[in-house]
Amino acid sequence: MPRGRPTKRRAVKATAYAPLTDEKWSSMVPFGTFVITDKDDGTEHKFSKDDIAIILPSGREPGSNMELWEYWVGRIKDIRAEIDEEGTNTVWAKVQWFYSGRDVADVIKSFDPASVTGHERIYADHYDFVESEAFDAVISVTTFNENDPEPPFIARDEFYHRYTFEYKARTLKPKPGSAACTCQMPYCPDDTLPDSIMHFCPRPSCRRAFHQSCLLAGKHKESSSAEALTTVHVKPSAAAPLRSARKHASPIKKVSKTTTTAPPASAASSSSSSASRALRLLACSPDTDDNVDLESLVALTMIQGSLTNNNDDASDVEKPPKKKRRGRPSKNAPNEAASGPPVEVRAQPVRALADTLADLPPLLLQVAQQPMVRGAAFRPGGISGNIGFVTRARRLVYQILEGSSLPEDWEVQVFSEHGEVRLGAENAIVQISGARKPLPLVVCPKCRSAI
Ligand SMILES: [Zn+2]
Ligand SMILES: [Zn+2]
């Protein structure tokens, strides 16, 4: 967010943008910062090397009712001053430009700036010298990586960039559209059509967003086929070892799309009801390519048999389950309790998944079970969508299922951005403006996971 808003402080003479020769530049004295003082109220604005600043465009009058996005944006690479004989300084900065979409389209004729919003900038390898009086305020430009399962929240009035521009080669990196859908069309954050919303698959080998319209056109939907019946848990194995720390000894089973799984007994996954859809969304982890076996994550309290237990320490009677890495079910579950001297271990009746989930704060569970989406039809999601919130909420739920206690500051952990909680449920819970129907039950074209 900008630290200062554009001001109406002074006229900028046209020579502020006049080209400066390299020879002249190298004759100047280097500085680390410069300060511009408002003529009307004396406010000082400090600009330092590496700051990103908004700069009054050449030919525009200061205070001519400009919107923030109309300013030029550049990173200050170097500051130098010409010391005049009377003792006054003329300060110049070497600036690396952040282009607008229109700027790029002026250079690459085939580039369509429609997918670039007003506040989006494209970091270019193009430098200029600009006199200090044209600088207006220090701002930040957030980096947006479309494949990041935990992108920063980007409000619609914040500057951000997702591409870099090589001027001489006339190329953008990454290539627009290459990071997204099967249709190779880039994500267009201003497209308000409900079907243009993009669904993100967070799994490590996917990490892509797909247009809802493309998913529907490709029939990537849950139906009565394998996806709808896919269990979010694995059926108890008859051969589960007695000493298993888990009721269900099997580690995650990969779900093959060709498997025709019989509907499991559990009511939670016996139909494609919204409850089971929510569980399938929850089971799609940002940290593993496997379907998270939610039931086997549920922590189990073990009671050591008193006859074989020589340890009188009461605190040892109940052993907390071992902690595992977030969202990553253990592949060694059957052996966990087997280490150390042999003791008889009997398992308490395992808590049902539904009971454990019911004890969570409803908002936490609701966020964790959201589809990850971005697009202008879901305005409160900003530019990058609800993906970061949902990723953090899912990781937290996995940890709690594994036996960790709910952190007191869970809301801070899920919702804080830029070190402050300025966001909440409305930014994370998907509401599509103008849509009468609920979101379709789409799946990832690559891994068939609920997304
Ligand atoms: Zn598409
Ligand atoms: Zn996927």
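Which residues of strand E13 point one way, and which the other way?

1. In strand E13 (residues 198-201), Met198 and Phe200 point one way, while His199 and Cys201 point the other way. All four are buried, a term for residues with 20 or more other C-beta atoms, placed from the backbone, within 10 Å of their own. In a regular strand, side chains alternate between the two faces of the sheet. Strands (E, at least two residues) and helices (H or I, at least four) are DSSP runs, numbered from the N terminus.

2. This is a predicted model, in which local features need pLDDT of at least 70 and side-chain atom pairs count only at pLDDT 80 or more, whereas totals for chains, interfaces and linings use all residues. Residues are numbered from 1 along each chain as its sequence is written, and chains are lettered from A and ligands numbered from 1 in the order in which they are written.

3. Strand E13 runs antiparallel to E14 (residues 208-211), and four bridges join them; strands pair if DSSP finds at least two bridges between them. Cysteine 201 stands opposite arginine 208. Six residues lie between the strands of this hairpin, where arginine 207 takes a positive phi near 45°.

4. Strand E13 is also joined to E18 (residues 373-374), antiparallel, by two bridges. Here methionine 198 stands opposite arginine 374.

5. The protein chain has 11 helices and 18 strands, and 38% of its 451 residues count as buried.

6. The mean pLDDT (the predictor's confidence in each residue, from 0 to 100) is 80 for the protein chain, and 73% of residues reach 70 or more. Where pLDDT is low, predicted coordinates should not be read in detail.

Methods: A residue is buried if 20 or more other C-beta atoms lie within 10 Å of its own, exposed if 12 or fewer, and partly exposed in between; C-beta atoms are placed from the backbone.
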